[in-house]
Amino acid sequence: LPMAALFGLAAKRAVTARGVLTGLATTTGLATTLCACAMDWSSVGAVGCIAVGVGIAVWGASVRAMFRTISGSLVALYGIGVQVWLATHADSVLRWAGLSIVGVLLIVGSAYVERNRGRIARFWEEAAARRLRHEDLAA
């Protein structure tokens, strides 16, 4: 994940290679969490997959990027699958409670995004406009 953060920061500063660096940051972040979860089947890895996957999927949906939305959703589903497998094979109520909490958070988060779609779109548009003004002033 530190490498993904570096690509993300570089994409923020880059002008001509922004798309490539953003794609590298997204792919690196998703691949890192996916590999960490695949190598260590634990609740921490699964929750990491869920958190990073949902974050990237929501980001992709907000900017209408189909690849980010689908890839983030698949990583989140993998994390949920690992968490369900761990819950069914280990007699632990905490895993089921964790799954319940994640489910409630996903429902509440999706309801918020659905209800405030216009506000979220305006936020992204204003952020893009600020970034463009800042780049124009810097140049």
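What percentage of the 139 residues of the protein chain count as buried? In this predicted model the figure is 25%, where buried means under 20% relative accessible area, with a 1.4 Å probe and protein chains only. Local features are described where pLDDT is at least 70 and side-chain atom pairs count only at pLDDT 80 or more, whereas totals for chains, interfaces and linings use all residues. Residues are numbered from 1 along each chain as its sequence is written, and side-chain values use heavy atoms, with hydrogens and water left out.

The protein chain has six helices and zero strands, helices being DSSP runs of H or I with at least four residues and strands runs of E with at least two, numbered from the N terminus.

Helix H4, residues 66-89, has 24 residues and reaches 34 Å from its first C-alpha to its last, close to the 34 Å expected at 1.5 Å a residue, a span taken as 1.5 Å times one less than the number of residues. Its buried residues include Arg68, Ser71, Gly72, Val75, Ala76 and Gly79. An α-helix has 3.6 residues a turn, so residues three or four places apart point the same way.

The axes of H4 and helix H5, residues 93-115, come within 9 Å and cross at roughly 150 degrees, the axes being lines fitted to C-alpha atoms over the stretch in contact, with angles from 0 to 180 degrees between N-to-C directions. That makes H4 roughly antiparallel to H5, a term for angles over 145 degrees. Where the two helices meet, with contact meaning heavy atoms within 4.5 Å, the residues of H4 include Ile80, Gln83, Val84 and Leu86, and those of H5 are Arg95, Trp96, Leu99 and Leu106.

Technical notes: Buried means under 20% relative accessible area, exposed over 50%, partly exposed in between (1.4 Å probe, protein chains only). Angles under 35 degrees count as roughly parallel, over 145 as roughly antiparallel, 65 to 115 as roughly perpendicular and the rest as oblique.
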